[in-house]
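Work through the exercises below with the model in view. Try each task before you read its solution.

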Amino acid sequence: MTIVFLIIIALVAYVFGSLNTQTVASVFVFHSDLHKLGKGSLWLSNFRRIYGTGNLVKLLIIEVIKDLLPILLGGWLMGTKDYALLGKAFAGFCLVLGNLFPVFNRYKGEHGIFPVIIMAFCIDISAGALVLIVSLFSLWLHRYVTVTSVVTGIAIAVAGVLVLDDPMPTRLCAFVGGLVFIRHIPGIINMLRGREKRLSLEQDLNYKFDETFDNK
């Protein structure tokens, strides 16, 4: 039965991670297709330009809920076998995998920052706080999204070692860090070649997020 639970968790978490929140919200809530509006970008700036800041906040709430559900499911299912922490960590790993390499978008995914932070908070509050603080400080310090994504992955790996006593969830946190690094190898190469653009505080911040992501 444990194997069955793990298979269910893996499938649900990966599918949820693969879902693009903006596309789902625009089709089922706002009844329009982001592919056909604005620049056609699927990142947050296009959504904000089309639907406004208030609806962007709603979208972010939807994103948090979307990421929370499979992790809570994993904790609940494996909790019946006294492995709740393992269930959350495994679901988080599969969620991040789907976010970075989504099956619905030809495995071209997002930066993974959101699901990594949500995963960290779900496995341990102090781990989540550490990852969030490190991510925000990294983005404020240099404003490279690629670097912040990699730093976020490293942060959850380190947080797992520092706060978790269970070896398997700790390894899963390290695997998440590895996934994030692999996903951002092209961005790291672009940055070393001077092609990676920084976030601009003087201009539209989300628009620069688009440019950074589209250059991957």
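**Exercise 1. The overall fold**

How many helices and how many strands does the secondary structure of the chain come to?

Solution. Start with the ground rules. This is a predicted model, in which local features need pLDDT of at least 70, side-chain atom pairs count only at pLDDT 80 or more, and totals for chains, interfaces and linings use all residues. Residues are numbered from 1 along each chain as its sequence is written, and side-chain values use heavy atoms, with hydrogens and water left out.

Now count. The chain has eleven helices and zero strands. Helices (H or I, at least four residues) and strands (E, at least two) are DSSP runs, numbered from the N terminus. From the N terminus on, the elements read α-α-α-α-α-α-α-α-α-α-α.

Next, take the surface. The accessible surface comes to about 10,700 Å², by the Shrake-Rupley method with a 1.4 Å probe, where for residues only the protein chains shown count as cover. Carbon and sulfur atoms hold 70% of that surface.

Finally, look at burial. Of the 216 residues, 47% are buried. Buried means under 20% relative accessible area, exposed means over 50%, and partly exposed lies in between (1.4 Å probe, protein chains only).

**Exercise 2. Helix H8 against helix H9**

Find how H8 and H9 are placed, and which residues meet.

Solution. Locate the helices first: H8 spans residues 145-163 and H9 spans residues 167-183. Their axes come within 8 Å and cross at roughly 170°. Axes are lines fitted to C-alpha atoms, for helices over the stretch in contact, and angles run from 0 to 180 degrees between N-to-C directions. The crossing angle therefore makes H8 roughly antiparallel to H9. The classes are: under 35 degrees roughly parallel, over 145 roughly antiparallel, 65 to 115 roughly perpendicular, and the rest oblique.

Now list the partners. H8 brings Ser149, Val150, Gly153, Ile156, Ala157, Gly160 and Val161. H9 answers with Thr170, Cys173, Ala174, Val176, Gly177, Val180 and Phe181. Contact means heavy atoms within 4.5 Å. By class, this contact has nine nonpolar, five polar and no charged residues. Ala, Val, Leu, Ile, Met, Phe, Trp, Tyr, Cys and Pro count as nonpolar, Asp, Glu, Lys and Arg as charged, and the others, Gly among them, as polar.

**Exercise 3. Helix H9 against helix H10**

At what angle do H9 and H10 pack?

Solution. H10 covers residues 185-192. The angle is about 50°, with the axes 4 Å apart. So H9 is oblique to H10. Phe181, Ile182 and Arg183 in H9 meet Ile185, Pro186 and Ile188 in H10. The classes here are five nonpolar, no polar and one charged.

**Exercise 4. The nonpolar core**

Which residues of the largest nonpolar core touch the most other members?

Solution. A nonpolar core is a set of buried Ala, Val, Leu, Ile, Met, Phe, Trp, Tyr and Cys residues joined through side-chain atoms within 4.5 Å. The largest one has 35 residues, and Ile71, Val116, Val131, Ile156 and Val176 touch the most other members. H1, H4, H5 (84-100), H6 (113-123), H7 (125-142), H8 and H9 each supply at least two residues. H5 gives the largest share, nine residues.

Take Ile71 as a case. Beyond its neighbours within four places in sequence, Ile71 is in contact with Lys88, Ala91, Gly92, Leu95, Ile118, Met119 and Cys122.

**Exercise 5. Ser18 and Asp82**

Where do Ser18 and Asp82 lie?

Solution. Ser18 is in H1, residues 2-18. Ser18 is buried, at 6%. Ser18 and Val96 are 78 residues apart in sequence, yet 8.8 Å apart in space, C-alpha to C-alpha.

Asp82 sits in the loop between H4 and H5. Asp82 is exposed, at 70%. Its phi is near 65°, a positive value in a residue other than glycine.
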